[in-house]
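Keep the viewer open and work through each one before reading its solution.

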Amino acid sequence: PGRTQWEGFGSATRAAAAGGITTIIDMPLNSIPPTTSTAALDQKKQAAQGQCATNVGFWGGAIPGNVAELQPLWEAGVFGFKCFLAESGVDEFPHLTPPQLREHLTEISHFDGLMIVHAEDAATLAGAPPAGGRAYGSYLASRPQRAETQAISQVIAAARATGARVHILHLSSAQALPLLRQARADGVRVTVETCPHYLFFDAESIPDGSTEFKCCPPIREADNREELWRALASGEIDLIASDHSPCTIDLKRLDTGDFAQAWGGVASVQLGLSIIWTQARARGHSLGDLVRWMAEGPARLTGLMNAKGRIAVGADADLCVFAPEEQYTVDAAALHHRNPVTPYQGCTLAGVVHSTLLGGKVVEPSAPGGRFLDRC
């Protein structure tokens, strides 16, 4: 509900199904109201009812003042709780301060919930040079790698103190990997993901004024990208998730190319399998690696591994028919998500999804057959 001009369950799940995705877990913000209470969760489900071409689960939200809502949301079936440690970009979803993060994690630890964190430190961002104008380099400098490492240090310290489970969302900075490696060795329950855009693009190749590339954290340099790939190969990064973050075309400020004013987010849920396969096969990876990163990993994180993320007796027959040797060129106007803007416009990608199946039945976008998934 709310901001339906940005995206909708119908359009987003059609895009997901067209890209071979059988299950999405919906983020709690950019809808109005955000999913920070059971009442808001119910309202979101009502808005999504009958629209979904894929299975859909829901993340709850953790914001200042909603600690008492966390356990009721968990009991209502959300898969965990998203929080920000810096401004989210929308007023109705404020970020947590470090003391508030610890307060929320203390509550979550009582029922062994999961906190998923947009890990950029607000104080570090406030001290960085401001983004301005069309230069991508200026935008990149405004969100330095130390903002991620500082935030991840805070998350690790809070998880260590409370015993709570935490997951780092959309890691763009390879500098944080040693922190995560040490935390895991110490027994801190922390996992981490990265996203297709951090594994495909590099900062050196982004033209000035190309605000379709703006996302938070930002796309970084090529050597950083290669470190992320090495961490995926070694298992230090647990999974790849879309971080599909669409908006209306006007909010991207394609007319001015001003990175300071443009909305930060990449819309790519339909393209993810092809994006990763294009880059993975060029580095000698297999389809089995793709499955591990984009099916098994997300299913394990969300507790759905018994039914999802694998082909096995007793698991759901949620499948996609994928032709790894075929190629196509991205045309934003032909994608199913609501607003035709994507930084992948014109890119040639390897791997074509021919069909997607839910429970063994081919998805028909004109007859949505997806269902809601609850953690419990």
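**Exercise 1.** Which residue lies over the face of Trp74, and at what distance from the ring centre?

*Solution.* Keep in mind that you're looking at a predicted model. Go to the Trp74 ring and look over its face: Arg375 lies there, at 3.8 Å from the ring centre. Now try Trp6, where Arg3 lies over the face, at 5.1 Å from the ring centre.

**Exercise 2.** Classify the aromatic pair formed by Trp6 and Trp263, and say where its two partners lie.

*Solution.* The count of aromatic pairs comes to 15. For Trp6 and Trp263, the centre-to-centre distance is 4.9 Å and the angle between the planes is 65 degrees. Angles over 60 degrees count as edge-to-face, so that's the label for this pair. Finally, check burial: Trp6 is buried at 8% relative accessible area, and Trp263 counts as buried at 14%.

**Exercise 3.** What geometry do the rings of Phe201 and Phe213 adopt, and are these residues buried or exposed?

*Solution.* Their centres are 4.9 Å apart and their planes sit at 80 degrees, so call it edge-to-face. Both residues lie in the loop between helix H9 (196-200) and helix H10 (222-234), so the pair ties together parts 12 residues apart in sequence. Phe201 is buried at 9% relative accessible area, and Phe213 is buried at 8%. Zoom out a bit: ring pairs link Phe200, Phe201, Phe213 and Tyr344 into a cluster.

Technical notes. Residues are numbered from 1 along each chain as its sequence is written. This is a predicted model: local features need pLDDT of at least 70, side-chain atom pairs count only at pLDDT 80 or more; totals for chains, interfaces and linings use all residues. Side-chain values use heavy atoms; hydrogens and water are left out. Rings of Phe, Tyr and Trp (its six-membered ring) pair if their centres lie within 6.5 Å; planes under 30 degrees apart count as stacked, over 60 as edge-to-face and the rest as tilted. Helices (H or I, at least four residues) and strands (E, at least two) are DSSP runs, numbered from the N terminus. Buried means under 20% relative accessible area, exposed over 50%, partly exposed in between (1.4 Å probe, protein chains only). A charge sits over a ring if NZ of Lys or CZ of Arg is within 6 Å of the ring centre and within 35 degrees of the ring normal.
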